[in-house]
Amino acid sequence: MNTSSSSLTQAQKAIQAARSIVIFTGAGMSAESGVPTFRDAMTGLWARFPAEALATYDAYIRDPELVWGWYEWRRSKILGTMPHAGHCAIAEFSQRHESAVLVTQNVDNLHERAGSADVLHLHGSLFAPRCIDCSQPGAFSDEHPQEPEGGRRIAPPRCKSCNGLLRPGVVWFGESLPQKEWQHAKVAAEKCDLMICIGTSGLVYPAAGLPATAVRNGATLIQINPDETPLNAIAHFNLHGSARNVLPKLLRNR
Ligand code: OAD
């Protein structure tokens with residue numbers, strides 16, 4: 001970890017002094033569990049599968065089997081991974097700081113599987129399908145789908161209430177964020193006195209605006225990312241390291 005011990009110590013002190021903390025995660029949080037991020041060249045999900053061809057309402061209506069099959073592949077990949085020490089550090093921290101709010105842009109369930117509760121999924125979840133017509137929630141069986149790389153065509157299941165097709169419970173490009181989760185996250189960012197931002201390129205709004213909202217309202221911002229992002233300009237602490245390495249050190253006994 002190429003984070004200077006002094007900036008880590010200072011960041012730990014800021015956490016110790018904080019009374020209202022928001023933890024905000026992006027795809028980099030799950031990278032060390034083996035879940036592809038979005039924009040990393042070549043390894044990123046979008047580098048191999050054009051998002052607009054798959055992650056939109058129109059793409060689904062055009063070809064439900066292609067889109068459902070792709071999301072089932074992503075879900076099967078996630079079920080084949082495990083939360084890492086960074087996820088566990090956040091879950092243990094939240095158990096010691098019940099007022100801490102965990103907001104994620106990720107659609108995986110790694111925070112939950114590490115023990116975090118009440119996770120605010122701003123971009124939805126791969127584990128919460130719903131009917132495309134009546135929005136009734138659907139449910140997956142417990143079996144772990146084994147899908148080929150990139151997925152295959154799969155006919156989406158049908159809604160038990162109206163027999164409509166189920167869709168993935170994720171926010172597609174051009175769709176609005178779930179209002180309840182967004183309002184909760186926005187208020188938490190406005191009221192917190194410290195935000196820890198982990199593994200996001202800070203490019204996709206409105207979620208990417210939360211760190212600036214926190215700073216504008218007087219909060220201290222800690223960023224954990226091995227690379228530079230637009231958030232470097234507003235963060236009080238830029239810990240240039242990985243989520244799995246930095247979080248256990250940063251949050252230990254805080
Ligand atoms: P990105 O893939 O855009 O950015 C991932 C960030 O994590 C990058 O800045 C990487 O440098 C960083 N990173 C990579 N490995 C890391 C590690 N081990 N530890 C810490 N950081 C690491 O993913 P997001 O910013 O989450 O939206 O993307 C935001 C949204 O864009 C996604 O939620 C998705 C996508 O379109 C929707 O699906 C609606």
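In the residue classes applied to this structure, Ala, Val, Leu, Ile, Met, Phe, Trp, Tyr, Cys and Pro count as nonpolar, Asp, Glu, Lys and Arg as charged, and the others, Gly among them, as polar. The model under discussion is predicted. By these classes, the lining of the largest cavity comprises seven nonpolar, three polar and three charged residues.

Two cavities of 30 Å³ or more are found when the whole structure is searched. The largest cavity has a volume of about 140 Å³, and 13 residues line it. Nearest to the centre of this cavity lie Val-35, Pro-36, Arg-74, Ile-78 and Val-107. Helix H6 contributes the largest share of the lining, namely three residues.

The second largest cavity holds about 40 Å³ of space. Its lining is formed by Trp-68, Tyr-71, Glu-72, Leu-126, Pro-129, Phe-140, Pro-168 and Gly-169. The elements that supply two or more of these residues are H6, S4 and S5, and H6 gives the most, with three residues. By class, six of the lining residues are nonpolar, one is polar and one is charged.

The largest pocket contains about 810 Å³ of space and is lined by 42 residues. Helix H2 (28–31) and helix H6 (64–79) are the elements that give two or more residues to this lining. The residues nearest the centre of the largest pocket are Ala-27, Phe-38, Arg-39, Gln-105 and Ser-201. The lining divides into 20 nonpolar, 15 polar and seven charged residues.

For the second largest pocket, the volume is about 350 Å³ and the lining numbers 21 residues. Gly-124, Ala-128, Arg-130, Gly-169 and Pro-178 lie nearest its centre. At least two lining residues come from each of strand S3 (120–121), strand S4 (124–131), strand S5 (166–170) and helix H9 (179–191). Among the contributors, S4 gives the most, with five residues. Nine residues of this lining are nonpolar, seven are polar and five are charged.

The cysteines raise a separate point. A disulfide is a covalent bond between the sulfur atoms of two cysteines. Cys-159 is classed as buried because its relative accessible area is 7%, under the limit of 20%. Cys-88, by contrast, has a relative accessible area of 28% and is therefore partly exposed.

When neighbours within four places in sequence are set aside, Asn-232 is in contact with Gln-223, Asp-227, Asn-238 and His-240. With His-240 there is also a polar contact between the two side chains, at 3.4 Å.

Methods
Residues are numbered from 1 along each chain as its sequence is written. This is a predicted model: local features need pLDDT of at least 70, side-chain atom pairs count only at pLDDT 80 or more; totals for chains, interfaces and linings use all residues. Side-chain values use heavy atoms; hydrogens and water are left out. A polar contact is a pair of N or O atoms within 3.5 Å; within protein, one must be able to donate a hydrogen and the other to accept it, and residues adjacent in sequence count only if both atoms are side-chain atoms. Contact means heavy atoms within 4.5 Å. On a 1 Å grid over the protein atoms alone, a cavity is a set of points where a 1.4 Å probe fits but cannot get out, and a pocket is an open set with protein on both sides within 12 Å along at least five of seven lines; lining residues have an atom within 4 Å of a point. Grid points are joined across faces, edges and corners, and a volume is the space filled by probe spheres set on the points. Helices (H or I, at least four residues) and strands (E, at least two) are DSSP runs, numbered from the N terminus. Buried means under 20% relative accessible area, exposed over 50%, partly exposed in between (1.4 Å probe, protein chains only).
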